[in-house]
Amino acid sequence: MLLLDRRLCRKMSNWVQDSLRYKYLPSSCSNATKSIRMHIPQILVVDDDLEIRKLLARYLKEQGFRVQLASRCAEVRERIATNQIDLIVLDVMLPDGSGLDLCRDLRSTRSRIPIILLTALQEDVDRIIGLEIGADDYLGKPFNPRELVARIRAVLRRGEDDRSAQGGKGRYLFEGFTADPSARSVVDPQGGNIELTGAEFDLLLIFLDRPGRVLSRDQLLDLTKGRDGDVLDRSIDVLISRLRRKLSDAGATQMFKTVRNGGYQLAAKVIHSD
């Protein structure tokens with residue numbers, strides 16, 4: 001693993017040098033990120049390799065972010081407890097535990113800090129597991145730091161857009177459930193709170209805004225601002241499966257229908273309450 005990280009580090013170092021030379025900042029992002037830049041985001045970079053941490057810290061600071069560093073799961077918890085962290089860049093393999101387990105633990109404590117996983121693992125199942133347990137995105141090693149920054153900005157922008165768009169929305173009533181966009185909460189017919197990840201809640205809102213409409217995977221990816229890629233195509237299926245399970249556990253009937261060669265449909269009647 002150390003040899004692998006050293007090779008990755010050398011390759012990423014070359015990318016960082018090129019990126020710093022051109023001071024990369026896509027013009028298309030400059031206007032869209034104004035609201036984010038009013039508060040300078042603080043990124044927690046978690047990797048057990050010192051050189052990778054230093055390289056990423058240097059590059060992220062050059063791109064206008066504040067940066068905290070950690071190499072172990074215990075340090076992550078300490079940084080979160082003592083700092084306002086806006087996003088975590090989390091390596092899957094850490095010396096005192098798995099980044100996947102740490103991500104799951106954070107989500108179990110209702111932490112909504114966005115998480116981008118870094119992984120040298122190439123199996124689709126490992127990436128899908130990360131999305132299943134609540135990660136917002138992932139990036140395979142080796143990666144170009146430019147792409148990491150683009151993903152960080154996209155995740156932060158998505159959260160900002162969601163908060164702005166949902167602030168003026170009323171509640172949705174469906175099958176005895178209540179979804180509140182401003183609080184980002186879902187309450188079951190018995191009054192219990194259903195714990196959804198950010199990605200799950202965003203997907204549910206898309207269907208609640210379009211009850212009865214058949215939505216393809218491509219449409220859902222576009223509406224959720226997802227990236228292109230086969231794995232993320234399948235991640236829509238994963239999110240639907242998780243929504244079905246969580247709503248079913250709370251007493252829902254079969255709300256989501258799978259339409260062959262079409263996509264998915266929310267079959268429940270939806271009432272929008274102002």
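Predicted model: local features only at pLDDT ≥ 70, side-chain atom pairs only at ≥ 80, totals over all residues.
**Exercise 1. Work out where strand β3 sits: is it enclosed or open?**

Solution. 
- Start with the span: β3 covers residues 87-91.
- Next, sort the side chains by direction. Leu87, Val89 and Asp91 point one way, while Ile88 and Leu90 point the other way.
- That pattern is what you'd look for, because side chains in a regular strand alternate between the two faces of the sheet.
- Now check burial, with under 20% relative accessible area as the cut-off. Five of the five residues pass, so β3 is largely enclosed by the rest of the structure.

**Exercise 2. Find which strands pair with β3, and in which sense.**

Solution. 
- Take β1 (residues 42-46): four bridges join this strand to β3, and the two run parallel. As a landmark, look for Ile43 opposite Leu87.
- Then take β6 (residues 115-119), which also pairs with β3 in the parallel sense, over four bridges.

**Exercise 3. Pick out the residues that touch the most other members of the largest nonpolar core.**

Solution. 
- The core has 29 residues, and the ones to pick are Phe177, Phe207, Met255 and Phe256.
- Elements giving two or more residues include β8 (171-174), β9 (177-180) and α11 (230-249). The top contributor is α9, with seven residues.
- Zoom in on Phe256: leaving out residues up to four places away in sequence, its contacts include Leu204, Phe207, Ile240, Arg244 and Gln265.

How values were computed. Residues numbered from 1 in each chain as written. Heavy atoms only, no water. Buried < 20%, exposed > 50% of the residue type's maximum accessible area, 1.4 Å probe, protein only. Pairing = 2+ DSSP bridges. Core = buried A, V, L, I, M, F, W, Y, C linked by side-chain atoms within 4.5 Å. Contact = heavy atoms within 4.5 Å.
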